Protein chains: 2
Amino acid sequence: FFDQFRMVLMTTDVDLDQYDNFLFDCDGVLWKGTAIIPGGLRIIKALESQGKKVFYISNNSMLSREQYVAKLAKLMIKANTDQIMCSSYAAAQYLFENRQLGKVYTIGQEGIAMELAAVGIPCLESRLVHNHNIPRAELDDVAIDPEITAVVVGYDPELTYTKISYATWLLHQNPSVAFISTNQDATFPSAVRVFPGGGACVAPIIVGSGRQPVNVGKPATYMLELLIRRWGLNPKRCLMIGDNLHTDILFGKGGGADTALVLTGVTQRDDLKAYPDIQPNFVLSSVDDLIPSR
Amino acid sequence: FFDQFRMVLMTTDVDLDQYDNFLFDCDGVLWKGTAIIPGGLRIIKALESQGKKVFYISNNSMLSREQYVAKLAKLMIKANTDQIMCSSYAAAQYLFENRQLGKVYTIGQEGIAMELAAVGIPCLESRLVHNHNIPRAELDDVAIDPEITAVVVGYDPELTYTKISYATWLLHQNPSVAFISTNQDATFPSAVRVFPGGGACVAPIIVGSGRQPVNVGKPATYMLELLIRRWGLNPKRCLMIGDNLHTDILFGKGGGADTALVLTGVTQRDDLKAYPDIQPNFVLSSVDDLIPSR
């Protein structure tokens, strides 16, 4: 009863006047797989027509910001790159902001390399050089590029022991080589199965190198801080809308924003009871409840 | 000065009459790479001539016990399979003892499959079916063998995302599927570099599945308990000799045996100060100091 009551309160309780900036997690909030979640388009158009700023926040490092814009366009969401905050972009910005402009070894997909290129940071793409395992007997002879000053690791469906080894060598032999993860998500769902995520891909390198990466993905707040800094946002005027207590809601709260949980993704209503320390400001059945349609 | 004094005490202090059973870690103790450590052969012959039992304990799951016997023979050490306790054998014994006799998915090298075959447990060898990454788009269609009831993971220089995914699916969808690691060593040294070890290979599967494996390798004491049970050994009459505080010495102490650290491998003298809780009974410069040569 309390939950029901609370939920009704919450869904009718989002006072749009309180917020200027609406930060949406994407998968599980605005779409699921390739299908838009009902109401998603309406909400975004309504917010923009009221002069609100809308941002799209993703832990996915598979795509660059430009590729995200194209993906959104396919779902009929019109956005520009300034509205996109994805972890591939965040990794490149992190290195750029910290003046770590040397060559990067990237494990992941092309989004990372594209975002590094956009800020002029050269990279050695593991997917181009180490997509197959090099036989153990030949691994000792693999030359290590001395110009590499950072390792960036994201979800990589072509992860190999050779890539893990190369990253481990770089990090192990030189403590000044930076170590960045685009996200540490344990899993992500496909239509059929749960797949090992970015957190699984970086785990062997953490173990092998004995080092912990700087994580630029949610729940770390770097992407929110970057938005706030870049656009002069007041975090108290930001509402983060997400489907995952452990990434989206922690991210919003950690960055000083208010948070709304939608139940169309990974978090179920019961999870709220299990994590009393991670309570969002609002709980919505779906993004459609953000603004009553009447 | 204290260290020097203590070491002299220790090296002259090993009273052979106290022990019936001498358990040797191999790499870093008896040999390094392909070279025998000076004194290794002499010590083993001396112990055996005094009627002592000698065992060889290895976290390596690359080889079967029979293959270990052949490897020892190349180094002029005459042993039989009963003297070998390696983690490939231990994994097979663990499943056998726990009546988990269904099909096993093995990530690692052929030692595991050979030891499983020796106790009649069928296996699906990942190295034969998943040594290359299956494209992401086709992964959803990979059929999962419903007869698999356990996943065994060791060091695998041909680890791929596909293998990680397959193991994750098996463990994630069915809590009754057993999960065994042959060792959780973070790294192992080659002649040239530090390589990610068995612990790095199992890490992505731990993250992806959200489950912790039963580790049969050191420092877990299963291999020592197995020896004690199998041969009716009195642990107080056992001396474990190893080069690694965090595997060998913990293993010996955990199983109730006395321990001797040799300084010819990974542990340096200074490490002893850093880990006051893991003190061996004896510290020897090398295995050669176990019995004075006079």
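In chain A of this predicted model, A:D27 sits in the loop between β1 and β2 (31-32); helices (H or I, at least four residues) and strands (E, at least two) are DSSP runs, numbered from the N terminus. A:D27 is partly exposed, with a relative accessible area of 41%. On this scale, buried means under 20% relative accessible area, exposed means over 50%, and partly exposed lies in between (1.4 Å probe, protein chains only). Leaving aside neighbours within four places in sequence, A:D27 is in contact with A:K32, A:G33 and A:D243, where contact means heavy atoms within 4.5 Å.

Residues are numbered from 1 along each chain as its sequence is written, and chains are lettered from A and ligands numbered from 1 in the order in which they are written. Local features need pLDDT of at least 70 and side-chain atom pairs count only at pLDDT 80 or more, while totals for chains, interfaces and linings use all residues; side-chain values use heavy atoms, with hydrogens and water left out.

UniProt, in an unreviewed entry, places the feature "active site" at A:D25 and A:D27. UniProt positions are given here in the numbering of this model, with shortened feature names, and annotations may be inferred rather than shown by experiment. A:D25 belongs to strand β1 (residues 21-25) of chain A and is buried, with a relative accessible area of 8%. Among the residues that A:D25 touches, not counting those up to four places away in sequence, are A:I57, A:K218, A:D243 and A:D248. The side chains of A:D25 and A:K218 are joined by a polar contact of 2.8 Å. A polar contact is a pair of N or O atoms within 3.5 Å; within protein, one must be able to donate a hydrogen and the other to accept it, and residues adjacent in sequence count only if both atoms are side-chain atoms.

A:N59 is buried, with a relative accessible area of 7%, whereas A:N60 is partly exposed, at 27%. Not counting residues up to four places away in sequence, the contacts of A:N59 include A:S87, A:D185 and A:K218, and A:N60 touches A:Y68, A:C86, A:S87 and A:S88.

The remaining topic is the pairing of the chains. A rotation of 180° with 0.0 Å of shift along its axis superposes chain A on chain B (RMSD 0.0 Å), by least squares on the C-alpha atoms of residues with pLDDT of at least 70 in both. That is the relation of a two-fold axis. The same surface serves both copies, as 100% of the contact residues of chain A recur in chain B.

The contact takes 38 residues from chain A and 38 residues from chain B. Between chain A and chain B, 20 residue pairs are in polar contact (both at pLDDT 80 or more). On the side of chain A that touches chain B, α9(A) gives the most, with seven residues.
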